[in-house]
Amino acid sequence: MAYVDGFVVAVPESRLADYKKLAKKAGKIWLEHGALEYVECIGDDVPVGKLTSFPRAVKLKDGEVVAFSWIIYKSRADRDAILQKVFADPRLSKDMSKMPFDAKRMIYGGFKTIVEL
């Protein structure tokens, strides 16, 4: 079964064009290095929950929107190898210092799939 990396970040609405540009570039790099799929989404119906929610998780501020992203790999081993290549790729590493979001509030993790339909 596939392996998935998932991400949730708060993006300032004023930086959405920059975020989309970076996401397109990053997605191409991930796919070149072997990822099967790369998806970036911007919140459209993301209510603040009473206890937990995407906005609460990223400490969403006024003027920000939640971005939800995932990358699919063939396996965990493929993901680990691909990440090494991606983070060594100078096309992406030069952009790491000027992210269009607050990376300190990013939530991310790797997930084993248990159901694929």
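## Burial and the strand E3

A residue is called buried when its relative accessible area is under 20%. By this criterion, 8 of the 10 residues of strand E3, which spans residues 64-73, are buried, and the strand is therefore largely enclosed by the rest of the structure. The model described here is a predicted one. For the chain as a whole, 37% of the 117 residues count as buried.

## Fold and overall dimensions

The chain contains 4 helices and 4 strands. Read from the N terminus, these elements follow the order β-α-β-α-β-α-α-β.

The radius of gyration of the chain is 15 Å; a compact globule of 117 residues would have a value near 13 Å, so the two agree. Along the principal axes, the C-alpha atoms occupy a box of roughly 40 × 35 × 20 Å. Of the contacts between residues at least 6 apart in sequence, 81% connect residues at least 24 apart.

## Strand pairing around E3

Strand E3 pairs with both E1 and E2. Strand E1, residues 3-12, runs antiparallel to E3 and is joined to it by 10 bridges. Within this pairing, Tyr-3 has Tyr-73 of E3 as its bridge partner.

The pairing of E3 with strand E2, residues 37-42, is likewise antiparallel and comprises 6 bridges. Here Ile-42 lies opposite Ala-67 of E3.

The loop between helix H2 (54-57) and E3 contains Lys-59. This residue has a positive phi of about 55 degrees, although it is not a glycine. Most residues other than glycine have a negative phi.

Is Lys-59 buried or exposed? Its relative accessibility is 61%, and Lys-59 therefore counts as exposed, the cut-off for that class being over 50%.

## Surface and charge

The chain exposes about 7800 Å², of which carbon and sulfur atoms supply 58%. The chain carries 20 positive and 16 negative charges.

## Summary

In this predicted model, strand E3 is largely enclosed, with 8 of its 10 residues buried. It is joined in the antiparallel sense to E1 over 10 bridges and to E2 over 6 bridges.

Conventions: Residues are numbered from 1 along each chain as its sequence is written. This is a predicted model: local features need pLDDT of at least 70, side-chain atom pairs count only at pLDDT 80 or more; totals for chains, interfaces and linings use all residues. Side-chain values use heavy atoms; hydrogens and water are left out. Helices (H or I, at least four residues) and strands (E, at least two) are DSSP runs, numbered from the N terminus. The radius of gyration is taken over C-alpha atoms; the globule rule is 2.2 Å times the number of residues to the power 0.38. Buried means under 20% relative accessible area, exposed over 50%, partly exposed in between (1.4 Å probe, protein chains only). Contact means heavy atoms within 4.5 Å. Accessible areas come from the Shrake-Rupley method with a 1.4 Å probe; for residues, only the protein chains shown count as cover. Lys and Arg count as positive and Asp and Glu as negative; His and the chain ends are not counted. The place of a charge is taken as NZ of Lys, CZ of Arg, CG of Asp or CD of Glu. Two strands pair if DSSP finds at least two bridges between them.
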